[in-house]
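Biologist: I have a structure open and a few things to ask about it. Can we go through them one by one?
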Amino acid sequence: MGKLLNIDSSVMRIMALLADLIILNTLFILTSLPLITIGASLCALQTSLQKILHQNRGSVIKNYFKSFSLNFRQATIFFIILSLLTFILFYDFRLVSYLPLLLSFLMRTAAFILCVFIALASVYGFSYIGRYKNSLKKTVYNILLLSIQNWFQSFFY
């Protein structure tokens with residue numbers, strides 16, 4: 001029993017990891033309550049998770065808020081752009097049914113391609129913003145290259 005409760009035991013390391021994840025998710029929920037900050041919250045969550053996975057520990061709360069403040073502007077702008085594109089896609093799918101058949105098919109195909117791009121951008125985007133410092137245009141370009149380069153992992157994992 002003494003070895004089980006030792007600070008270096010695997011049980012205690014798993015418990016510490018679970019506690020860090022609970023704290024991180026609670027911080028994410030609390031900082032996402034004002035809807036405009038969801039982008040910065042996602043970016044801080046991804047960055048903090050990467051630090052936990054790569055064993056760059058430290059204070060989870062300090063890492064989260066440091067990443068939140070450093071990437072607030074770019075992650076918020078990125079989230080607003082993704083939200084606007086999603087909003088446009090939603091109404092595009094609703095309005096395209098009133099078009100003639102051929103034009104409707106072409107518009108649905110274009111909307112589906114844009115939908116795939118938005119999904120990939122949201123998967124790769126916030127972790128990329130948290131890890132690298134680039135302009136928004138360069139970030140979107142690199143996200144597109146990452147998703148094309150790793151297409152199998154992008155679609156099947």
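Biologist: Why does Leu 89 count as buried?
Modeller: This is a predicted model, so everything here is computed from it. Leu 89 has a relative accessibility of 7%, and the cut-off for buried is under 20%, so Leu 89 counts as buried.

Biologist: Which helix is Leu 89 in, and what is Leu 89 in contact with, leaving aside neighbours within four places in sequence?
Modeller: Leu 89 sits in helix α4. With those neighbours set aside, its contacts are Ala 111, Leu 114, Cys 115 and Ile 118.

Biologist: One place back, then. Is Ile 88 buried or exposed?
Modeller: Ile 88 is exposed, because its relative accessible area is 52% and exposed starts over 50%. Ile 88 is also in helix α4. Its C-alpha lies 9.5 Å from that of Ala 111, 23 residues away along the chain.

Biologist: Which residues of α4 are buried?
Modeller: Gln 74, Ala 75, Thr 76, Phe 78, Leu 82, Leu 89 and Asp 92.

Biologist: And what do the buried residues of α4 pack against?
Modeller: Three helices: α2 (38-53), α5 (101-131) and α6 (136-149).

Biologist: What about the span of α4 against the expected one?
Modeller: Its 24 residues reach 34 Å from first C-alpha to last, and the expected span at 1.5 Å a residue is 34 Å.

Biologist: Asp 92 was on that buried list. Which side chain of opposite charge is nearest to Asp 92?
Modeller: Arg 108, but at 8.6 Å.

Biologist: Changing topic to cysteines. How many disulfides are there?
Modeller: A search of the whole structure gives 0. For reference, a disulfide is a covalent bond between the sulfur atoms of two cysteines.

Biologist: Cys 43, buried or exposed?
Modeller: Buried, because its relative accessibility is 0%.

Biologist: And how exposed is Cys 115?
Modeller: Partly exposed, because its relative accessible area is 36%. Cys 115 is one of the residues in contact with Leu 89.

Definitions and conventions
Residues are numbered from 1 along each chain as its sequence is written. This is a predicted model: local features need pLDDT of at least 70, side-chain atom pairs count only at pLDDT 80 or more; totals for chains, interfaces and linings use all residues. Side-chain values use heavy atoms; hydrogens and water are left out. Buried means under 20% relative accessible area, exposed over 50%, partly exposed in between (1.4 Å probe, protein chains only). Lys and Arg count as positive and Asp and Glu as negative; His and the chain ends are not counted. A salt bridge is a side-chain nitrogen of Lys or Arg within 4 Å of a carboxyl oxygen of Asp or Glu. Helices (H or I, at least four residues) and strands (E, at least two) are DSSP runs, numbered from the N terminus. Contact means heavy atoms within 4.5 Å. A disulfide is a pair of cysteine sulfur atoms within 2.5 Å. The expected span of a helix is 1.5 Å times one less than its number of residues.
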